[in-house]
Amino acid sequence: MSLYQWFIFFLLVQVIHGLGTWKLYEKAGRKSWEAFVPVYNSIILMKIIGRPTWWTILLFIPIINLIMFPVVWVETLRSFGKNSTADTWLGIFTCGLYIYYINYTQDVKHLSERSLAARTKTGDTVSSLLFAVVVATLVHTYLMQPYTIPTSSLEKSLLVGDFLFVSKFHYGARTPMTTVAAPMVHDTLPIIKTKSYLSWPQLPYFRFPGFEKVEKNDIVVFNWPADTVYKFFDTSGRSILKPVDKKSNYVKRCQGTPGDSLEIKNGNVYINGKQLILPERAKPQYSYKVTYDLNNPDLDFEYLLNQVGSTDGGGFKSEARDTLFIRALTKEAAATLKSVPGIKTVTQIDNKQGEVNIFTHNPKWSGDNFGPIYIPEAGKTVALNLQTLPFYKRIISVYEKNTLKVVGSDIYLNDKKVTSYTFKQNYYWMMGDNRHNSEDSRYWGYVPEDHIVGKPVFIWMSWDSNGKGINKIRWERLFTTVGGDGQPQSYFKYFLILLALYFVGDYFWKKRKASKA
């Protein structure tokens, strides 16, 4: 929905509210016209039902308002003596329209001094749960979101089984575009495994100001632009067109920012002609072909691969008995392996040219030799012709929602012949450190700014599914920061110390209070 359509919808809701409550406003000692004035009517309604004025803000926050509307309907009914269970359910299941019936047919009296305390333990529990859900949803949507690393594309910076906190405020929190959705879940409801949202209506994209911009080498969580899978890791082949904010969450390292010229040579990224220097924590990995001496009895490949840090614990042998292919190895580990007696050669494998799913389908490009390409910047204009169109076709037609048509050698944009195009938003280039085991921008292109979710800042738990017993927990990764210089350092022991001090302090505080009583 456009802003104009949302404005009309908003005014329509105010009219519906006014028509259904104006008599109740009068019975509460207010003016009937106050029920029709946008926003002001909500402030007055909070006074009528005896709730804080700041609740008005919650009524206009997407997702949160889905929780607050039923609460306000029930509170309105109870403020006029409708306290029965039947009244409560009628108010909820009619989406508040039961209030119309009360407004026009019932001679009710406003209870200005009614008790706001829950009458039963069940009611008290429900109120507490609703409050907790509202607070948690606010934090989840606008401040910090928990996230799990599902794939090895950023090995060894982030491991499969890492549990992260992702900051929404570093790059600016994005308001939900999908307005009708279950709180604190993504695209799928747990247990029943069905869609957690309605695709309509959609709010226009809006992002609050952030503390920083997405920079090169930042690890970024974003919505996968090419996502049409029914749910993550679903192998059934089902597909679905999703709203932007309900596309699967991906995590990659930003390699190019708006306005950059990016090129990949032999697996190394070059920005504006200069090689991009990765931070110390980043450890790009590649596939290698290893040949070895069959007659060397001292070669223990499992031991060697553990020593050099192969992420998948090994590789697989080819038909040639003296050859091994390793899927993920850093260049430093490859150099170490090369120096081992009995190893003949260690050769980095270049992804094949003309890979079917390579971005733009250029037959001369591969995942290791790619470009140069321009990364679009908002407000910048590029020439548009049959040679440049493959780079920007998806941007123009999908992300920026234009009608694109090619007739012969002519390009038509919204039925108008064009030779250039001006971008409406910024774009980014995201890649995994595990270069030969990462589905990233090399294969599906640019990441639009409106797809950016947030910045991983903290690993609070790390679970190794291959470990045994207590070793399933990677203790050295608990409470480590994602960014920063140098190697990761765990702050878990400091957390335990603070936790112990809290309980000790709490114990003595209660003991002191008890002695004074």
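Is E75 buried or exposed? In this predicted model, E75 is buried, with a relative accessible area of 7%.

## Overall architecture

The protein chain contains 12 helices and 25 strands. Its C-alpha trace spans about 95 × 80 × 40 Å along the principal axes. Of the 517 residues in the chain, 44% are buried.

## Nonpolar cores

The largest nonpolar core has 41 residues, and those with the most contacts inside it are Y392, W429, Y446 and I452. Helix α10, covering residues 389–399, gives the most to this core, with 6 residues. A second, separate core is made up of 27 residues, including L59, I64, L77 and I99.

In soluble globular proteins, nonpolar side chains tend to be buried together. Two members of the second core, I64 and L77, also take part in the packing of helix α4: L77 belongs to the contact with α6, and I64 to the contact with α7.

## Packing of helix α4 against α6

Helix α4 (residues 64–78) packs with helix α6 (residues 98–105) at an angle of about 25°, and their axes are 10 Å apart. Angles under 35 degrees count as roughly parallel, and α4 and α6 are therefore roughly parallel to each other. The crossing in which α4 passes α6 is left-handed.

On the α4 side the contact is made by W73, T76 and L77, and on the α6 side by Y98, I99 and I102. Classified by residue type, this contact has 5 nonpolar residues, 1 polar residue and no charged residues.

## Packing of helix α4 against α7

The axes of α4 and helix α7 (residues 121–142) come within 10 Å and cross at roughly 155°. Angles over 145 degrees count as roughly antiparallel, and α4 and α7 are therefore roughly antiparallel to each other. Here too, the crossing is left-handed, with α4 passing α7.

From α4, the residues I64, I67, M68 and V71 meet L130, V133, V134, T137 and L138 of α7. This contact of α4 with α7 divides into 8 nonpolar residues, 1 polar residue and no charged residues.

## The position of E75

E75 is itself placed in helix α4. Not counting residues up to four places away in sequence, E75 touches I49, R51, R114 and L116. Buried means under 20% relative accessible area, and E75, at 7%, is therefore classed as buried.

P62 lies in the loop between α3 (55–58) and α4. This proline is buried, with a relative accessible area of 13%. Leaving aside neighbours within four places in sequence, P62 is in contact with Y142, P176 and L203.

A further distance places P62 relative to I149. The two residues are 87 residues apart along the chain, and their C-alpha atoms are separated by 27 Å.

## Backbone geometry

Most residues other than glycine have a negative phi, and most peptide bonds are trans. Two cis peptide bonds are described here. One joins W200 and P201, with omega about 0°, and P201 is placed in strand β6 (residues 197–202). Another joins G371 and P372, with omega about 10°, and P372 is found in strand β16 (residues 370–374).

Positive phi values occur at V39 and C95, both residues other than glycine. For V39, phi is near 70°; this residue is in the loop between α1 (3–27) and α2 (40–49), and is partly exposed, with a relative accessible area of 37%. For C95, phi is near 55°; this residue is in the loop between α5 (85–93) and α6, and counts as exposed at 55% relative accessibility.

Note on methods. Residues are numbered from 1 along each chain as its sequence is written. Side-chain values use heavy atoms; hydrogens and water are left out. A nonpolar core is a set of buried Ala, Val, Leu, Ile, Met, Phe, Trp, Tyr and Cys residues joined through side-chain atoms within 4.5 Å. Buried means under 20% relative accessible area, exposed over 50%, partly exposed in between (1.4 Å probe, protein chains only). Helices (H or I, at least four residues) and strands (E, at least two) are DSSP runs, numbered from the N terminus. Axes are lines fitted to C-alpha atoms, for helices over the stretch in contact, and angles run from 0 to 180 degrees between N-to-C directions. Angles under 35 degrees count as roughly parallel, over 145 as roughly antiparallel, 65 to 115 as roughly perpendicular and the rest as oblique. A crossing is left-handed if the near helix is turned anticlockwise from the far one by less than a right angle, and right-handed if clockwise. Contact means heavy atoms within 4.5 Å. Ala, Val, Leu, Ile, Met, Phe, Trp, Tyr, Cys and Pro count as nonpolar, Asp, Glu, Lys and Arg as charged, and the others, Gly among them, as polar.
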